[in-house]
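Biologist: I like to know what stands behind each label before I use it. Could you take me through a few of them?

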Amino acid sequence: MSQIYSNSTIASVSSTQSLSTDYQAIAFIDPAVEDHQTLMAGLVPGTQAILLDSQRDGIEQISETLQNYSQLQSVHIIARGSPGCVYLGNSVLNQNTLSRYQEQLQGWQSALAEDADILLY
């Protein structure tokens, strides 16, 4: 289960539960990121933090969550990486896996406003 953080409230949700869609931005945070609790506490108001489940495919978790949103101004992805790779949950996004995730990644567009940003950290 992913964990949702907003206004210092923590809730565990499954992919079938509804999420609050009153946010302008979402920050997806991989739990393997060092000091991720501090990062979550420092997010700007109006940003919902979602801690990914390290035992599940991170791209799938993000895709499932974004199905519940529209008109987001930004999606922040805070994860570990190496040259050419991003590690999310138990998945790796790189040149070799990009085609596998192509449809899911393109589906993220439906959750975004026309001038939205996807930011990787």
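Predicted model: local features only at pLDDT ≥ 70, side-chain atom pairs only at ≥ 80, totals over all residues.

Biologist: What makes S7 and S8 a pair of strands?

Modeller: Pairing requires at least two bridges found by DSSP. Strand S7, residues 85–88, and S8 share three bridges in the antiparallel sense, so they meet the requirement. Within that stretch, Tyr-87 stands opposite Val-92 of S8.

Biologist: And what order do the strands of that open sheet have?

Modeller: The order is S6-S7-S8, three strands with antiparallel pairing.

Biologist: Why are S6 and S8 said to stand at the edges?

Modeller: Strand S6 (80–82) and strand S8 (91–93) each have a single partner strand, so one side of each lacks a neighbour in the sheet. On average, neighbouring strands here are turned by 25° against each other, direction ignored.

Biologist: What holds paired strands together in general?

Modeller: Strands of a sheet pair through backbone hydrogen bonds, in a parallel or antiparallel way.

Biologist: How many helices and strands does the chain have?

Modeller: There are three helices and nine strands. Read from the N terminus, the elements run β-β-β-α-β-α-β-β-β-β-α-β.

Biologist: What share of the chain is buried, and what does the word require?

Modeller: A residue is called buried at under 20% relative accessible area. Of the 121 residues in the chain, 43% are buried. The accessible surface of the chain comes to about 7000 Å², with 47% of it belonging to carbon and sulfur atoms.

Notes: Residues numbered from 1 in each chain as written. Heavy atoms only, no water. Helix = DSSP H or I, 4+ residues; strand = E, 2+ residues; numbered from the N terminus. Axes fitted to C-alpha atoms, helices over the stretch in contact; angles between N-to-C directions. Buried < 20%, exposed > 50% of the residue type's maximum accessible area, 1.4 Å probe, protein only. Areas by Shrake-Rupley, 256 points an atom, 1.4 Å probe, with all protein chains shown as cover.
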